[in-house]
Every structure is written in C-alpha cells, then in structure tokens.
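Have the sequence and the 3D view open as you read.

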Amino acid sequence: MTAFFQSEFFYNYRRSSSAMIGSALMASFALAVLVGPFLVSQNPYDIAALDLMDSYKPPFWLEGGDPRFWLGTDGQGRDVWASILYGARISLFIGLVAMVASCAIGTLLGLVAGFYGGLVDSVIMRIADIQLSFPSILIALFLMSAVGTGIDKVLIALTAVGWVVYARTVRGSTLSEIEKEYVQAARVAGLPNSKIIRKHVLPNVLTPLIVIATIQVGTFVLIEASLSFLGVGVPITQPSLGLLIKNGFDVLFSGLWWTSVFPGVAIMMLVFGINLFGDFLRDELNPRLK
Amino acid sequence: MAGKAQPKLLEVRDLRTYFHTFAGTVRAVNGVSFDIAAGEVMGLVGESGGGKSVVGFSILGLIDSPGKIEGGEIRLNGEDLVKAGEARLREIRGREISMVFQDPMTSLNPLHSIGRQMDEVLRLHSDLDVKTRHAACVEMLENVGISRAEERLKAYPHQFSGGMRQRVVIAIALLARPRLIIADEPTTALDVTIQSQILKLMRRQIAKKGASMILVTHDLAVVSEMANHITVLYCGNVVERGRTRELIEAPAHPYTRGLIDSIPDLSNRHERLQQIPGTVPDIRNLPKGCNFRDRCPRAQALCGEVEPSLTAQRGSLSAACHFPLRPGKRA
C-alpha cells in the first residue's frame with residue numbers, strides 16, 4: 001500500500017485536479033449507492049410509505065417546501081432525493097455489469113480474431129464494422145424492442161452494443177503482441193495456443209482496456225437513461241435515473257421542474273466524474289503520452 | 001569432434017519452404033539439405049533475406065500462412081518432422097529442439113518474472129515437482145553465469161541488461177535438455193564485448209549437455225569461432241558447405257569469398273573494406289542460371305544458362321559453382 005502512495009501514478013494523481021474531482025464524484029456516488037438508501041427516511045417504492053398528500057412538493061427553499069423532502073416530491077409523493085439514491089443504484093449497477101460483460105466478450109473475441117486471423121478474424125471484425133456503422137442507441141433500441149424491457153434485457157442490449165470497441169482494441173494490440181519474440185519463444189517452447197493467449201498475450205493487451213472500461217461505464221449509464229427515457233428501458237418498479245427524468249418530464253412544463261431536473265443533474269455529475277477520471281487514466285496509462 | 005561414425009541427429013533433405021503472396025511465390029528455402037551429428041555445431045550463414053531464419057522455423061514446424069513447407073524431409077533421429085502432426089511437434093518444441101532468438105529485449109515477456117518464464121518450460125516438458133523444478137532453474141541460471149540466482153529468479157526482464165537477458169534466454173533454451181538448439185542471430189543485438197562472452201557460454205553449455213546447435217548468422221566471424229561446419233545459403237539455396245577451417249581459409253564459392261572479404265580486418269586499416277557488389281535478386285522471380293551471377297566477378301556465359309548444382313570440391317567442401325575458386329587465388 002505504501003508502495004502505491006509513493007508511486008508516480010499517485011504523485012500525478014495528487015497533482016491533477018480533474019482526476020481528484022472526478023474520483024471524488026465517483027467516490028461520492030459509490031458511497032451514495034452503497035449506504036444512501038439507509039440514510040433516507042422513505043423507501044420510494046414501498047407504496048405503504050407514500051402519502052399522496054405529499055405529491056409535487058417543491059424543494060425546501062421554495063414556498064410550500066417541506067423540510068422532509070429537501071429536493072421535493074413527485075406526483076406519487078415520493079421523495080426525489082430518495083428516488084435519486086435508489087435510481088443511481090440501478091443506473092450504476094447496469095453500467096458496471098454491462099461494462100464487465102462487454103469487456104469480457106469483446107476481449108475474448110478480439111484475442112481470438114487477432115491470434116488466429118483468417119476467416120475467424122474476418123467474420124468477427126466485419127460484424128464489428130457493421131455494428132459500428134449504426135449509432136449504438138439505435139442498435140440498443142432495436143434490440144430492446146425485439147426482446148422486451150427489463151434490467152436483464154437492458155444488460156443484453158448494452159453488452160451487444162459495447163463489445164465492439166474492446167474487440168477492435170484487443171485485436172489491434174494482439175496483432176502487434178504476437179509479433180514480439182517472447183510469443184514466438186513461447187511457441188518454440190511448445191506451449192499450446194490457449195496458454196500462449198492467456199499467459200503471454202492477454203496480460204499485455206489489458207492496459208488500454210482499463211481506460212475504455214472506465215469511460216464506458218459513463219456511456220452505458222447514458223444509453224440506459226436514454227432507453228428508459230424512451231420507455232424501452234428498465235421497468236417502472238425499478239426506476240433508474242433515466243426513468244426518473246421521464247416520469248418528471250410530463251410535468252416539466254407545468255412548472256414542476258424538480259422531478260426531472262435533479263435526476264438529470266445526478267446523471268450529469270456521475271458521467272462527468274467518470275469521464276474526468278477516465279481522461280486522467282488515459283494520460284497516465286498511455287506510454288506514448290509520457 | 002564429430003567423427004564419421006557419429007549418428008545423424010538431424011537430416012534435412014531437399015527442404016522447400018515457399019511463401020505464396022499476392023506478388024508471387026517467394027521460394028525462401030528452395031531445396032536445402034544438410035546433416036548435423038550429435039554434439040556438432042553447424043553455422044548457417046547468408047545475407048539478410050537468404051532464408052536462414054526460415055530454415056530454423058521450418059524445422060520447428062512454425063511456418064505461418066502464407067508460408068508452407070512444400071517438400072523435402074526434416075528427420076530428427078529418423079522421425080520426419082514435416083509429416084509429424086501439430087501435437088507431436090508441440091512435444092518436440094522446447095523438449096527436443098529449442099531456440100534462442102536475436103533480440104533479448106523482446107524475447108522475454110515483460111510481465112512475468114524470470115523464474116516464472118523458466119518454470120513454464122519445465123512444467124510443460126517434465127513431470128518434476130515444484131521444488132525440483134525450482135532447483136533446476138537455480139542451477140541453470142548459475143550455469144549461464146548469473147550470480148545470486150535464487151534471488152534473480154524473482155526479478156523481471158527490465159531489471160536485466162541485454163547480455164544478462166540473453167543469458168536467461170539461453171538458460172531457458174537449455175532447461176529441458178534439448179538435443180538441438182537453433183540459435184537465430186543470438187549475439188547480433190549485443191555489444192561486441194558481450195558477444196564473445198555469450199558465444200563462449202553457449203559453446204561450453206552445449207558441449208556440457210551434449211546438444212547440437214544450428215547457429216544462424218550473417219556474421220562469419222561468429223561462426224568461425226563456434227561451428228564445426230558451415231552451410232552457406234544464398235537465395236534459398238545452399239551454395240557452399242564444408243568444415244569451418246577449410247571453408248574460411250579457402251572457400252570454393254565466390255559468394256563465400258565475398259562474405260569473408262567483407263569482414264573488417266583491423267591489422268589492415270588503410271585498405272578499403274571489400275563488399276559484394278549489387279543486392280540479393282528479387283527472390284520472387286529468380287533469373288535463369290546461377291542466382292549469384294550478376295554479382296559474381298567470375299561469371300561467364302554458362303552461368304546465365306545453367307544453374308550449378310552442389311558438387312564436391314577440395315577436401316570437405318562442396319559448392320554450387322561452375323567456376324569454383326582454387327586455394328590461394330582471390331576472386
């Protein structure tokens with residue numbers, strides 16, 4: 001641990017304000033997601049805890065505001081702050097799980113394509129090319145309308161959208177990696193291909209993936225929010241931040257702005273934090289920029 | 001060292017390895033034959049693009065598409081490796097035949113410790129338990145002249161200098177006690193002072209283990225120190241072969257003569273260094289006749305018509321030349 005605090009990485013981190021802000025934002029979201037629901041007085045999805053009399057209360061600093069609901073309430077009398085904490089949980093869960101899944105699948109396909117080449121390579125990479133010629137939200141929309149809504153379906157759609165970028169990156173690094181003599185040496189030593197890929201190629205192509213994976217969590221949170229906003233994302237019983245925006249959107253122009261603006265600000269801060277930190281990682285882990 | 005009665009460890013007969021590319025078929029190795037007896041060191045010499053490395057990779061069955069072994073035999077103790085399946089070849093690689101690469105900077109994986117990379121070979125090719133394997137690694141590192149071997153096993157490649165890394169690479173190549181080592185320009189990337197250390201080390205270790213070696217290089221000085229006999233390649237063909245001493249002192253082929261003359265001689269520094277004029281011809285469509293004739297000072301009309309075949313010359317030499325050199329006479 002002390003080694004980490006004395007490392008160049010940590011030194012640069014301390015000197016980069018964007019990295020500090022980004023990681024602070026990410027850390028507060030992690031904290032909010034982990035312990036937040038225990039801190040709020042109301043579970044917004046427990047119908048028994050809701051009171052319709054509390055509906056559309058404005059934030060506490062406005063006239064008619066209620067100090068119990070400092071960011072106001074929505075049409076069902078749900079606390080917006082509590083909804084955001086619960087919603088961020090779902091948004092982040094989806095972002096992280098979809099990132100891990102697409103990273104795993106994309107890396108595997110990229111390794112196979114780069115290592116074996118030939119027909120396998122062509123097939124995988126042409127699928128990737130075709131997919132990249134569509135906006136990812138369009139592909140996700142299409143998939144969601146085909147398989148239906150639900151958190152698991154969102155995860156499938158995001159993974160199907162997200163693997164491409166890993167596959168391409170990994171294939172590229174694999175191609176340059178297998179030219180290195182230590183991979184030749186491993187073949188000369190009689191190592192089977194599966195072992196060469198796992199022990200000698202994979203560890204050497206991982207670094208650029210860290211950056212992609214970080215930024216992608218943010219992208220996935222946004223895509224999921226868009227899907228939910230369009231009504232093909234998560235179910236109404238498990239609202240993510242995107243669904244909260246949609247729920248408030250109907251009354252946005254009636255002056256009841258807080259129900260959708262605050263979840264929107266939450267998404268913005270989350271993605272902003274992730275991207276700031278991702279930028280720092282990109283500079284830090286790219287040997288060419290050093 | 002190697003008497004007539006020595007059984008042949010490796011026999012290569014009429015090996016042809018071609019690369020089928022868009023621009024045409026590259027006959028990188030075009031009918032190469034040679035023998036190596038147990039305990040012998042053979043130098044495989046030629047210019048860049050002469051097909052030296054392809055011979056090495058062909059023996060290991062590691063020719064990738066678009067390359068293909070089109071014909072010939074590679075017999076290791078009588079077993080034809082050209083016909084052997086991939087599974088059998090994997091057993092042979094590392095265990096029977098191993099390889100030392102040119103660039104020690106890239107031939108070790110930067111992410112694994114030296115010990116782990118050494119252990120990998122033993123785990124693959126022996127049934128030894130962890131402790132025995134560890135002991136074998138320590139012993140081997142000490143054998144290649146790395147002190148505090150026990151400690152150094154935990155170190156990573158970047159903590160070693162180029163010469164030290166090449167020692168590690170040699171240690172890895174020798175670990176499974178292979179019978180044949182293919183060294184592909186093992187000292188080219190090293191400082192001259194380190195070169196001779198490494199060469200001495202390799203010679204000592206090979207003699208100790210009773211292994212044979214193919215030393216692939218463009219550097220005749222290196223081969224003359226190491227090899228029992230030499231095979232000279234030009235454009236994928238053997239142009240001359242014979243015992244090291246005879247071949248270096250009085251080669252029969254003008255190409256070999258040219259290679260020898262292009263070694264700088266420090267005692268004679270006022271003379272301009274000799275070079276072989278011209279470049280290697282386009283190997284995709286070789287001219288009729290002798291491949292070397294455009295660069296050859298002795299070329300005559302016949303050389304443009306008939307491709308010379310390898311024929312016995314003085315002593316142990318054979319050369320593919322219509323007008324071989326006689327001893328004492330410069331080209």
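## Chain A at a glance

Read along the sequence, chain A goes α-α-α-α-α-α-α-α-α-α-α-α. That is 12 helices and zero strands, where helices (H or I, at least four residues) and strands (E, at least two) are DSSP runs numbered from the N terminus. This is a predicted model, in which local features need pLDDT of at least 70 and side-chain atom pairs count only at pLDDT 80 or more, while totals for chains, interfaces and linings use all residues. Residues are numbered from 1 along each chain as its sequence is written, and chains are lettered from A and ligands numbered from 1 in the order in which they are written.

The C-alpha trace of chain A spans about 75 × 50 × 30 Å along its principal axes. Chain A has 290 residues, and 44% of them count as buried. For burial, the count is of other C-beta atoms (placed from the backbone) within 10 Å of a residue's own: 20 or more is buried, 12 or fewer is exposed, and in between is partly exposed. Among the contacts in chain A with a separation of 6 or more, 69% join residues 24 or more positions apart; a contact needs C-beta atoms, placed from the backbone, within 7 Å of each other.

## Helices packing on H7(A)

Two packed helices are described by the angle between their axes and the distance between the axes. Here axes are lines fitted to C-alpha atoms, for helices over the stretch in contact, and angles run from 0 to 180 degrees between N-to-C directions. Helix H5 (residues 118–132) of chain A packs on helix H7 (residues 151–177) of chain A at an angle of about 135 degrees, with the axes 10 Å apart. That makes H5(A) oblique to H7(A) (under 35 degrees is roughly parallel, over 145 roughly antiparallel, 65 to 115 roughly perpendicular, and the rest oblique). The H5(A) side of the contact is Ile124(A), Met125(A), Ala128(A), Gln131(A) and Leu132(A), and the H7(A) side is Val164(A), Ala167(A), Arg168(A) and Arg171(A). By class, the contact of H5(A) with H7(A) has six nonpolar, one polar and two charged residues; Ala, Val, Leu, Ile, Met, Phe, Trp, Tyr, Cys and Pro count as nonpolar, Asp, Glu, Lys and Arg as charged, and the others, Gly among them, as polar.

Helix H6 (residues 136–147) of chain A also meets H7(A): their axes come within 9 Å and cross at roughly 145 degrees. From H6(A), the residues are Ser136(A), Ile139(A), Ala140(A), Leu143(A), Met144(A) and Val147(A), and they meet Lys153(A), Ile156(A), Ala157(A), Leu158(A), Ala160(A) and Val161(A) of H7(A). The contact of H6(A) with H7(A) divides into 10 nonpolar residues, one polar and one charged.

## Where the chains meet

Chain A puts 14 residues in contact with 19 residues of chain B. On the chain A side, the elements giving two or more residues are helix H8 (181–188) and helix H9 (193–205). H8(A) gives the most, with six residues. By class, this side of chain A has seven nonpolar, four polar and three charged residues.

H9(A) also has buried residues: Ile196(A), Ile197(A), His200(A), Val201(A) and Val205(A). The buried residues of H9(A) pack against helix H4 (80–116), H7 and H8 of chain A.

## The sheet of chain B

Chain B has an open sheet of eight strands in the order S6-S7-S8-S3-S9-S10-S12-S11, with mixed pairing. Strands count as paired if DSSP finds at least two bridges between them. At the edges sit strand S6 (97–100) and strand S11 (311–312), each pairing on one side only. S6(B) pairs with strand S7 (residues 180–184) of chain B in the parallel sense over four bridges, and Ser98(B) has Ile181(B) as its bridge partner in S7(B).

Strand S10 (residues 237–243) of chain B is mostly covered, with six of its seven residues buried. Strand S9 (residues 229–234) of chain B pairs with S10(B) in the antiparallel sense over six bridges, and His229(B) stands opposite Arg243(B). S9(B) and S10(B) form a hairpin with two residues between them, and Cys235(B) in the turn has a positive phi of about 50 degrees.

## Two loop residues with positive phi

Asn77(B), in the loop between strand S4 (67–76) and strand S5 (79–80) of chain B, has a phi near 50 degrees, a positive value in a residue other than glycine. Asn77(B) is partly exposed because it has 13 other C-beta atoms within 10 Å.

Glu185(B) also has a positive phi of about 50 degrees, although it is not a glycine. Glu185(B) lies in the loop between S7 and helix H7 (192–209) of chain B, and with 19 C-beta neighbours inside 10 Å it counts as partly exposed.

Technical notes
Two residues are in contact if their C-beta atoms, placed from the backbone, lie within 7 Å.
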